[in-house]
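Reader: I am new to this kind of picture. Could you walk me through how to read it?

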Amino acid sequence: MFPFLGSALAESVSTVTEAATATEIATATEIATVTEAAAEEAAGPAISLSVVEKPFAKLAEAGWLQILVFAALLAVGILLLRKSKKKTRWTAKMLAHAAMSLALSFVLSYIKLISMGDGGSVTAGSMLPVMLFSVNYGTVPGLFVGFVYALLQLVQKNSAVGFLGYLLDYFLAFSALGLAGVAKRLPKQWGLYLGMLLAMLVRYACHTVSGIVIYHVNLWGSLLYNSYMVAEIVICMILGAMVGQRILKLMKET
């Protein structure tokens, strides 16, 4: 009986020892991995370039069709610029207003009141400056400035999934802000508000279609998720009512 107990005890001690050894090896491996990662991070550049690289990482792996569509989008941007030059003379004043509008919209887009988990946020009226530029100078120049703003948003956030995501959630959605330029042909009393509402509703529609096509959410689910746009629309309409006409007057006078 005692030899049997001794043998069992020896086997138990051996099993515990092997388990402890395996745990020590695993811990040592994890420590080594963390140390190597820390060393690589320390040896890397002080400023990460992922902000610039990330938006175009998927494009580098895209097929010929996606690359051709992307090239077509760039061509559309160039055509919009050329057409806007024919219809409207791009003066130094107009270029300055475009630059200021883009800068203001870009800065305001960093002031996020509500952030959605899978992309999208309620900002401090970030769409308003680009839309006011469109109202003052017309639809075609506005579409071009909206296209440039889409590129800035792409570099800033890049929460798109696949090439259709880039198309719907960025290029089409933010270029649509130029549609506020229809207000230039409408009565001054209410044209500003109708133009802005049209532009923002088209952007809302782009994000909704993106939710259906890319994320495979049903219509009501996509409308519900992207309902943050309703708050964004309300904020822009209130700010537009408060300062819109005043800013448009300054654009014409300065």
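Predicted model: local features only at pLDDT ≥ 70, side-chain atom pairs only at ≥ 80, totals over all residues.

Reader: How many helices and strands does the protein chain have?

Author: Residues are numbered from 1 along each chain as its sequence is written, and side-chain values use heavy atoms, leaving out hydrogens and water. Helices (H or I, at least four residues) and strands (E, at least two) are DSSP runs, numbered from the N terminus. The protein chain has 10 helices and two strands. Read from the N terminus on, the elements go α-α-α-α-β-β-α-α-α-α-α-α.

Reader: How do helix H5 and helix H6 pack?

Author: Two packed helices are described by the angle between their axes and the distance between the axes. Axes are lines fitted to C-alpha atoms, for helices over the stretch in contact, and angles run from 0 to 180 degrees between N-to-C directions. Here, helix H5 (residues 128-137) and helix H6 (residues 139-156) pack at about 160 degrees, and their axes are 7 Å apart. That angle makes H5 roughly antiparallel to H6 (under 35 degrees counts as roughly parallel, over 145 as roughly antiparallel, 65 to 115 as roughly perpendicular and the rest as oblique).

Reader: Which residues in H5 and H6 meet?

Author: Contact means heavy atoms within 4.5 Å. From H5, Val130, Phe133, Ser134 and Tyr137 meet Thr139, Pro141, Gly142, Val145, Gly146 and Tyr149 in H6. By class, this contact of H5 with H6 has six nonpolar, four polar and no charged residues. Ala, Val, Leu, Ile, Met, Phe, Trp, Tyr, Cys and Pro count as nonpolar, Asp, Glu, Lys and Arg as charged, and the others, Gly among them, as polar.

Reader: At what angle do H7 and H8 pack?

Author: Helix H7 (residues 162-175) and H8 pack at about 175 degrees, with axes 8 Å apart. That makes H7 roughly antiparallel to H8. The residues of their contact divide into eight nonpolar, two polar and two charged.

Reader: Is isoleucine 214 buried or exposed?

Author: Buried means under 20% relative accessible area, exposed over 50%, partly exposed in between (1.4 Å probe, protein chains only). Isoleucine 214 has a relative accessible area of 15%, so this residue is buried. Isoleucine 214 sits in the loop between helix H8 (188-213) and helix H9 (219-225). Across the whole protein chain, buried residues make up 35% of the 254 residues.
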